[in-house]
Amino acid sequence: MERIAKIKELLEEKKALDVIDYDLKDKDYFVDYVIVATTMADKHAQALLDHLKKTLKPMGETFLGVDSSDDWTVIDLGDMLIHLMSEEYRAKYQMDKFLDQIKNRLRND
């Protein structure tokens, strides 16, 4: 999907690490896509958010909400969530493991 590729490209060009996308369509999850990226510091997360807004809003992307702390920023685009997480929080909350379980779950478990 072009949109996912564009968002990943924007994150990577601003030095986000380990950018992974999860296609959760048809998985009974509340969004269709999730992107997870590791940040280097809370200021880095803010810079990534600003870069995404500056680039994606003119392309028609709607930011429904942003919730952030020093270690974790969640961006709600309606059908997609973007998680910008410190390396420590990404390991602690095992977001990738959780999303992999949803992605690999059979439709009618």
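The legends below describe close-up views of a predicted model.

**View 1. The largest nonpolar core of the predicted model.** This core has 19 residues. Those that touch the most other members are Ile7, Leu11, Ile35, Leu52, Ile75, Met80 and Ile82. At least two residues of the core come from each of α1 (2–13), β2 (33–39), α2 (42–56) and β5 (80–86). Apart from this core lies another, made up of 12 residues, including Tyr22, Val36, Tyr89 and Ile102. In soluble globular proteins, nonpolar side chains tend to be buried together.

**View 2. Surroundings of Ile82.** Ile82 is one of the residues that touch the most other members of the largest nonpolar core. With neighbours within four places in sequence set aside, Ile82 contacts Ile7, Leu11, Ile35 and Leu52, and also Thr73, Val74, Ile75 and Leu77.

**View 3. Packing of α1 against α2.** The two helices, α1 and α2, pack at an angle of about 135 degrees, and their axes are 10 Å apart. Because angles over 145 degrees would count as roughly antiparallel and those from 65 to 115 as roughly perpendicular, α1 is oblique to α2. The crossing of α1 and α2 is right-handed. On the α1 side, the contact is made by Lys6, Ile7, Leu10, Leu11 and Glu13. On the α2 side, Leu48, His51, Leu52, Thr55 and Leu56 take part. Sorted by class, the contact of α1 with α2 comprises 6 nonpolar, 2 polar and 2 charged residues. Ile7, Leu11 and Leu52, which belong to this contact, are also among the residues that touch the most other members of the largest nonpolar core.

**View 4. Thr73 in strand β4.** Strand β4 spans residues 72–76 and includes Thr73. Thr73 has a relative accessible area of 5% and is therefore buried, the cut-off being under 20%. Apart from neighbours within four places in sequence, Thr73 is in contact with Ala45, with Val66, Asp67 and Ser68, and with Ile82, His83 and Leu84.

**View 5. Asp67 in strand β3.** Asp67 lies in β3, which runs over residues 65–68. Its relative accessibility is 56%, so Asp67 counts as exposed, whereas its contact partner Thr73 is buried. Excluding neighbours within four places in sequence, Asp67 contacts Trp72, Thr73 and Val74. Asp67 and His83 are 16 residues apart along the chain, and their C-alpha atoms are separated by 9.8 Å. His83 is in contact with Thr73.

Technical notes. Residues are numbered from 1 along each chain as its sequence is written. This is a predicted model: local features need pLDDT of at least 70, side-chain atom pairs count only at pLDDT 80 or more; totals for chains, interfaces and linings use all residues. Side-chain values use heavy atoms; hydrogens and water are left out. A nonpolar core is a set of buried Ala, Val, Leu, Ile, Met, Phe, Trp, Tyr and Cys residues joined through side-chain atoms within 4.5 Å. Buried means under 20% relative accessible area, exposed over 50%, partly exposed in between (1.4 Å probe, protein chains only). Helices (H or I, at least four residues) and strands (E, at least two) are DSSP runs, numbered from the N terminus. Contact means heavy atoms within 4.5 Å. Axes are lines fitted to C-alpha atoms, for helices over the stretch in contact, and angles run from 0 to 180 degrees between N-to-C directions. Angles under 35 degrees count as roughly parallel, over 145 as roughly antiparallel, 65 to 115 as roughly perpendicular and the rest as oblique. A crossing is left-handed if the near helix is turned anticlockwise from the far one by less than a right angle, and right-handed if clockwise. Ala, Val, Leu, Ile, Met, Phe, Trp, Tyr, Cys and Pro count as nonpolar, Asp, Glu, Lys and Arg as charged, and the others, Gly among them, as polar.
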